[in-house]
Number of protein chains: 2
Amino acid sequence: MLKYPEPIAKLIEELKKLPGIGEKSASRLAFYLLRAPEESIRELARSLIDLKEKITLCNVCFNITDITPCYICREEREEIICVVEDPLDLIAIERSGAYKGRYHVLHGVINPIDGIGPESIKIKELIERVKREAVREVLIATNFTVEGEATAVYIIDLLKNIGVKVTRIAQGLPAGSDIEYADRYTLSRALQGRREL
Amino acid sequence: MLKYPEPIAKLIEELKKLPGIGEKSASRLAFYLLRAPEESIRELARSLIDLKEKITLCNVCFNITDITPCYICREEREEIICVVEDPLDLIAIERSGAYKGRYHVLHGVINPIDGIGPESIKIKELIERVKREAVREVLIATNFTVEGEATAVYIIDLLKNIGVKVTRIAQGLPAGSDIEYADRYTLSRALQGRREL
């Protein structure tokens, strides 16, 4: 059986680690890159390294950003904090155009099976922030999965103790689905239909 | 509309240039990479750069290689030269297991519309090699496309003048198809059914 030259085999190996890229796609990409101009390969390699070097978390909302506080935290926005699991959820909600407030990114959900407790995600930071800032509402927009719901319940309990108004994004989304993949219209309806808890 | 932080937007832009990767796949990959360990990103970036720095063309057969002459040219093989358009065709033929000879990679086909004449691909090098080496047969395995056939005809004419035996891979492959994508059984039959010209 023919072996690829080592640098090609290595690149195919690395590409296959990416989600949705199998043996065939990885080979096709590797041979495409082999023919591509050196400069464009260097650009791609540089972008990969920059990603890790230049992206940090906003020290207010913990969204990914290249400046801190991030540009959303710098904007004049409604004094509502929308709590999401990860940055892709934030992006989906921003794109719906139905929300004009601030955000708080948890970076995960409580998941005891995987050993992720409340202290592993940005819950403490949320509570401190709500106490510190003039927040008139906290809108919980974790996913409608078992872990997302459990995380919502946990946070709602803590916030009720503070006395702030707490809302949950409406069940316009199908049960068990991810916010990240919802279309903007479903998301708009879910945002508008939020109910007080 | 929300903008991604610049380093993410840049990476998505670079990923979208790759074949088969659109906006959605590029975003998904970028966010996957954002969460991946720094070391694995550096590995991927390093593999990309190594690809260009370590891969050269064999100075005998012009296959891609990290040593020259390449490991196929270093092997004891039958004194047949199989002429292919590009390295992926060579790989497909090697994988069929039905061919034990040598190769010559043209790196393209004659295509006047795109301004690719016989001097743009490794035809001169093939002729010199056939004159120089003790070759008992040249097997033309360019694709059965218009350009592949035209290139075959052009090369066959030159080789006939030298007086070497020239064969063409059999029409077991569907017309208009690429060798690169043929299954190994179809390829085996096509190799076995080659006819003298």
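Biologist: Where in chain A is A:Phe62 found?
Modeller: A:Phe62 is found in the loop between strand S1 (56–57) and S2 of chain A; helices (H or I, at least four residues) and strands (E, at least two) are DSSP runs, numbered from the N terminus. Please keep in mind that this is a predicted model, where local features need pLDDT of at least 70 and side-chain atom pairs count only at pLDDT 80 or more, while totals for chains, interfaces and linings use all residues. Residues are numbered from 1 along each chain as its sequence is written, chains are lettered from A and ligands numbered from 1 in the order in which they are written, and side-chain values use heavy atoms, with hydrogens and water left out.

Biologist: Is A:Phe62 buried or exposed?
Modeller: A:Phe62 counts as buried, because its relative accessibility is 13%; buried means under 20% relative accessible area, exposed over 50%, and partly exposed in between, with a 1.4 Å probe and protein chains only.

Biologist: And what is the phi of A:Phe62 like?
Modeller: A:Phe62 is not a glycine, yet its phi is positive, at about 65°. Most residues other than glycine have a negative phi, and most peptide bonds are trans. In chain B, His107 also has a positive phi, in this case near 60°. B:His107 is found in the loop between strand S4 (101–105) and helix H6 (123–132) of chain B, and with a relative accessible area of 28% it is partly exposed.

Biologist: What does A:Arg74 touch?
Modeller: Not counting residues up to four places away in sequence, A:Arg74 touches A:Ile67, A:Thr68 and A:Pro69, contact meaning heavy atoms within 4.5 Å. A:Arg74 is in helix H4 (residues 71–74) of chain A, and it is exposed because its relative accessible area is 52%.

Biologist: Switching to the helices, how do H1(A) and H2(A) pack?
Modeller: Helix H1 (residues 6–16) and helix H2 (residues 23–35) of chain A pack at an angle of about 130°, with their axes 9 Å apart, which means that H1(A) is oblique to H2(A). Axes here are lines fitted to C-alpha atoms, for helices over the stretch in contact, and angles run from 0 to 180 degrees between N-to-C directions. Angles under 35 degrees count as roughly parallel, over 145 as roughly antiparallel, 65 to 115 as roughly perpendicular and the rest as oblique.

Biologist: Which residues meet there?
Modeller: From H1(A) come A:Ile8, A:Leu11, A:Ile12, A:Leu15 and A:Lys16, and they meet residues of H2(A) including A:Ala26, A:Ala30, A:Phe31 and A:Leu34. The residues of this contact divide into 10 nonpolar, one polar and two charged, where Ala, Val, Leu, Ile, Met, Phe, Trp, Tyr, Cys and Pro count as nonpolar, Asp, Glu, Lys and Arg as charged, and the others, Gly among them, as polar.

Biologist: At what angle do H2(A) and H3(B) pack?
Modeller: H2(A) and H3(B) pack at about 50°, with their axes 10 Å apart, and they are therefore oblique to each other. A:Ala30, A:Leu33, A:Leu34 and A:Arg35 of H2(A) make the contact with B:Leu48, B:Leu51 and B:Lys52 of H3(B).

Biologist: How many residues does the largest nonpolar core have?
Modeller: The largest nonpolar core has 48 residues, and A:Ile8 and B:Ile8 are those with the most contacts inside it; such a core is a set of buried Ala, Val, Leu, Ile, Met, Phe, Trp, Tyr and Cys residues joined through side-chain atoms within 4.5 Å. Not counting residues up to four places away in sequence, B:Ile8 touches A:Leu51, A:Ile55, A:Ile64, B:Ala30, B:Phe31 and B:Leu34. Another core, of 24 residues, lies apart from it, and A:Cys61, A:Ile80, A:Ile179 and A:Leu191 are among its members.

Biologist: Last one, where is B:Asn143 placed?
Modeller: B:Asn143 is in the loop between strand S5 (137–140) and helix H7 (146–162) of chain B, and it counts as buried at 4% relative accessibility. Leaving aside neighbours within four places in sequence, its contacts include B:Glu85, B:Asp89, B:Arg168 and B:Asp178.
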